[in-house]
Amino acid sequence: MKFGRKISNDLYNEWRPFYIDYNLLKRELKARTTGRSWSDQDEREFTNMLERELDKIHNFQKTKTYELSARINDAEKAVKRLVASSQYSNGPHHHQAESSAGNAGNGDGHTDTEAQQRRDTLTQDAGSDDDDDDIEDDETDAMSVDALEDQFIVLEEEVATLVADVHDLALYTKLNITGFMKILKKHDKQTGRPLKPTFIQDFLEKRPFYKYNWDGLIVKLSRLYDLVRTRGHPAQGDASAGGNQSAFVRQTTKYWVHPDNLVHLKLAILKHLPVLVFNPDKEFEPKDAAISSIYFDNEDLELYLGRLEKTEGAEAIRLRWYGDMDQKTIFVERKTHREDWTGEKSVKARFPIKEHLVNAFLRGEHTMDAEFQELVARGKKTQQEADAMIQLANEVQYSILTKKLVPVMRTFYNRTAFQLPGDARVRISLDTELTMVREDNWDGRVRAGDNWRRMDIGIDWPFEQLPPEDKELFKYGVLEVKLQTQYGQEPPQWVTELVSSHLVEAVPKFSKFIHGCATLLPNRVDLVPFWLPQMEVDILKPDTGALVIERPLQSSSKGTSSRAGTSGQTTPERIQYAEPVSEGEEDEAMDMAPAKDEGQRIGLPKQDVAAAVAIREKNLKERDTQPPAATATAAESDADDDDEVDATERSPFLKKARKDSGGIVAAALSSTAQVRAMSIDPLATSTAFDETLRDRLREENVQRRDGAGSAVGDGDDEDEDDDDSARARRARGAVEEGREAGDDRILDRSWRAPAGKRIAIPVRIEPKVYFAAERTFFKWLHFGIYIGTIATTLLNFVPPGDRAGLLSAWLFTAVALAAIAYAAVVFVFRAVQLRRRRAEGMYYDRYGPTVLSVALVGALATNIALRLREL
């Protein structure tokens with residue numbers, strides 16, 4: 001889709017004047033370059049136009065974000081007032097029971113004045129002529145509760161509007177910065193003057209609307225959403241607690257998220273889980289989400305290979321801190337991989353250490369025994385916990401010293417965590433701005449030096465002070481979903497919809513440490529992870545309509561059509577509202593019939609009403625006489641004309657036009673796949689329906705590719721799509737071609753490892769695999785011994801002069817020795833491959849049994865032939 005049409009379809013109508021006027025800039029550029037050369041004055045005027053558009057967008061976004069923040073704060077105050085009112089609406093006895101708990105939670109005994117006023121009002125409303133009539137009081141209280149619930153419902157609609165506004169504002173930012181990049185690229189190509197680098201440096205960098213951090217708004221919105229959803233009583237608990245860890249099935253999956261889907265994904269998750277905040281009383285700051293880790297390894301990359309090949313007992317040792325570089329507490333963590341056959345689970349354990357003691361601890365000059373015993377003395381840890389931490393610290397220190405581990409790589413990212421406090425059943429984290437940075441000194445450059453981390457960077461992403469070879473900017477977000485469910489229990493439905501939506505791309509066992517080593521240390525790494533070739537493929541998928549950010553229906557004005565939400569699948573355009581009718585009634589006469597008392601209802605003078613009616617009748621006659629094809633052509637002639645689009649949307653259905661065009665529309669629909677989609681046999685099996693749906697989707701994909709091919713070169717935007725999007729289209733086309741008939745799964749065999757590298761395939765090696773190789777070897781030996789026994793019998797009992805018997809004995813002996821030797825070679829080869837965790841090799845023996853059978857049959861045939869010859 002050309003960008004001029006895309007921005008018209010995706011924009012939010014109420015903000016239409018504040019988007020970049022891409023079509024105007026494109027027409028201006030075309031008018032000034034057609035038939036004449038581009039002058040310096042044209043350059044100045046065009047730059048001024050771009051600057052005015054930039055000022056408009058920057059000011060609108062700044063104003064809108066401030067407005068959204070204020071609306072969120074006002075809504076949060078309204079929720080708190082409603083909660084205070086609800087405590088009184090339940091009656092004085094209920095209030096007395098809860099007042100002490102409420103004061104304890106708030107930390108004081110003061111009562112909100114507005115809540116007190118609401119209570120007085122409710123008390124007055126609850127009064128009657130007979131104050132002792134308890135039944136009437138109860139009915140009035142119930143009415144008050146219903147009124148409060150109605151107000152909460154109104155607040156829910158306001159929160160839904162706020163969520164949609166944040167989503168549309170993020171999309172607004174994306175569309176506008178894309179528009180600037182495309183119009184600058186078009187300018188440079190058509191004029192031959194490089195305006196793009198200058199404009200980015202002199203204008204865009206001074207008004208960086210596209211660098212806005214949405215996390216602050218999302219945290220506030222999450223808190224508000226949680227308050228409204230729980231009616232002002234959010235779940236309480238320790239934010240760092242993990243809940244009961246017994247009798248649960250734990251499952252962790254990782255996904256990549258395209259940058260265009262990050263805000264959408266966060267807003268979709270916060271509808272079900274609040275953003276986890278460790279200190280809710282503190283105002284959110286960008287540094288609160290920053291997490292940095294230093295990973296250790298030696299020059300042989302022993303830990304990297306162990307984690308990549310998933311060997312039993314493979315370790316990862318890192319030092320982690322939260323926030324800026326001034327943090328005084330560092331956490332030493334060790335992750336240990338355990339194979340399933342051991343009956344144990346992979347574990348992660350850690351202990352804290354002060355920053356000034358880290359270097360001494362790494363050199364073996366300091367131990368943590370005294371610090372942990374001091375915690376026991378102060379009552380912060382039990383003796384058992386302290387002993388476990390002392391053992392962990394000693395083991396980590398021993399590994400660092402014996403394996404000669406040094407700082408190798410740093411990872412930095414901003415994490416948004418979603419979880420109910422104290423409830424670990426569903427935990428979701430989204431890491432953005434992920435960056436890997438080298439910390440080693442192996443190539444002669446001093447980075448960390450003798451310190452445990454380099455000090456020339458902090459959390460100033462994207463670390464422009466570093467050379468490109470020292471950093472790897474990961475272009476996707478990393479979503480991690482951790483589920484903890486009872487045995488036999490299914491995960492929540494919304495989680496299933498989330499992980500199967502177009503917003504995420506599954507990448508099992510993705511590791512930041514492994515990816516950083518594979519990309520930053522190419523000269524030392526021969527084995528790379530399986531997801532590395534996937535980095536060259538665009539993971540942005542078409543919108544499937546799942547996880548739609550819906551806006552309340554009365555405020556829907558997205559794009560140029562009537563839509564129920566701000567994204568996802570859209571309803572058909574030009575749908576008009578019609579008054580509902582009872583069963584058996586016809587609504588044809590209600591389409592355009594004016595009210596009988598129209599003149600009285602509109603409140604205008606009689607002459608004005610008569611003039612308006614005359615103009616309406618004239619327009620109706622002109623529209624009735626106009627051919628339907630001409631009407632459709634006029635409606636679609638210029639997609640960029642705002643007035644015409646609005647007129648088309650607001651024009652009502654006409655009875656005559658609908659009757660005249662009914663046959664044409666039905667004929668058009670009958671030639672498309674939509675009609676076939678509606679013809680469903682309710683008695684057919686689900687398999688038949690799946691096959692029909694699969695065939696229809698395949699036909700639609702072919703039609704889209706054919707339509708895209710025929711649209712190439714149409715219009716003035718033949719260079720709208722950049723090289724990346726063109727490569728993405730070619731990749732998607734290749735994937736569609738690789739889809740096998742009758743199967744929705746895609747088999748792509750085109751993955752190739754980089755030159756001189758091998759892709760690490762996850763291989764699960766258990767002890768039973770070794771035992772299986774040994775059993776196979778013993779079976780071959782057993783067979784070889786049988787044949788050898790036959791040969792030995794012939795040699796011992798055949799007379800020396802029997803040449804046929806001796807020849808047969810030697811043939812059976814050769815077959816037996818060949819079988820034993822072949823079995824030994826194959827067993828040794830398989831054992832070595834298993835030890836190296838190689839998936840390829842002679843695990844499937846194609847030729848051995850066949851050759852042995854042919855040789856045995858040949859020996860028997862030779863023996864029979866020789867005996868028959870003697871007869």
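Reply: A nonpolar core here is a set of buried Ala, Val, Leu, Ile, Met, Phe, Trp, Tyr and Cys residues joined through side-chain atoms within 4.5 Å. Buried means under 20% relative accessible area. The model is predicted.

The largest such core holds 80 residues. Six of them touch the most other members: Leu-50, Phe-199, Leu-265, Leu-267, Ile-428 and Leu-479. Helix 6, residues 134-191, gives this core its largest share, 17 residues.

Set aside its neighbours within four places in sequence, and Leu-267 is in contact with Val-163, Val-166, His-167, Ile-218, Leu-221 and Ile-549. In soluble globular proteins, nonpolar side chains tend to be buried together.

Now the whole chain. It has 871 residues, and 37% of them count as buried. Its secondary structure comes to 26 helices and 12 strands. Among contacts with a separation of 6 or more, 74% join residues 24 or more positions apart. The accessible surface of the chain is about 50,100 Å², and carbon and sulfur atoms account for 54% of that.

One more residue: Ala-78, in helix 3, residues 40-89. Ala-78 counts as buried because its relative accessibility is 18%, and the cut-off is under 20%. Ala-78 and Gln-151 are 73 residues apart in sequence. In space, their C-alpha atoms are 9.5 Å apart.

How values were computed. Residues are numbered from 1 along each chain as its sequence is written. This is a predicted model: local features need pLDDT of at least 70, side-chain atom pairs count only at pLDDT 80 or more; totals for chains, interfaces and linings use all residues. Side-chain values use heavy atoms; hydrogens and water are left out. Helices (H or I, at least four residues) and strands (E, at least two) are DSSP runs, numbered from the N terminus. Buried means under 20% relative accessible area, exposed over 50%, partly exposed in between (1.4 Å probe, protein chains only). Contact means heavy atoms within 4.5 Å. Accessible areas come from the Shrake-Rupley method with a 1.4 Å probe; for residues, only the protein chains shown count as cover.
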